[in-house]
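Open the model in your viewer and keep the selection tool at hand. The tour goes stop by stop.

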Amino acid sequence: MQVEYTGRQVTITRSLRALAEEGIERINKLLGRTTKAHIVLTVEKHRKCAEVTVQTKNQSVVGEAR
């Protein structure tokens, strides 16, 4: 599976990548075969936000956490 990372005002470290890939593996078990995932991490002042877009063959699933 192809995973893209985007950091806005954040440096994507190895620990953040490992944590994100662990979550993607859980999602992969639920959805079956996923083709692509895009993870966006954002920091604005004291607010932290993560947005994950997972694309499968038939659908696209988007999740956001603040």
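This is a predicted model: local features need pLDDT of at least 70, side-chain atom pairs count only at pLDDT 80 or more; totals for chains, interfaces and linings use all residues.

Residues are numbered from 1 along each chain as its sequence is written, and side-chain values use heavy atoms, with hydrogens and water left out.

Select residues 14–31. This is α1, with 18 residues. Helices here are DSSP runs of H or I, at least four residues, and strands are runs of E, at least two, numbered from the N terminus. From first C-alpha to last, α1 reaches 25 Å, close to the 26 Å expected; the expected span is 1.5 Å times one less than the number of residues. Next, click Gly32, which follows α1 and has a positive phi, near 90 degrees.

**Strands.** Select β2 (residues 34–44) and β3 (residues 47–56). They pair in the antiparallel sense over 10 bridges; pairing takes at least two DSSP bridges between two strands. Find Thr42: its bridge partner in β3 is Cys49. Two residues separate β2 and β3 in their hairpin, and Lys45 in the turn has a positive phi of about 55 degrees.

Glu51 has Glu64 in β4 as its bridge partner. Three residues lie between β3 and β4 in this hairpin.

**Contacts.** Which residues is Leu41 in contact with, leaving aside its neighbours within four places in sequence? Select Thr6, Gly7, Arg8, Val10, Ile12, Leu16, Cys49 and Ala50. Contact means heavy atoms within 4.5 Å.
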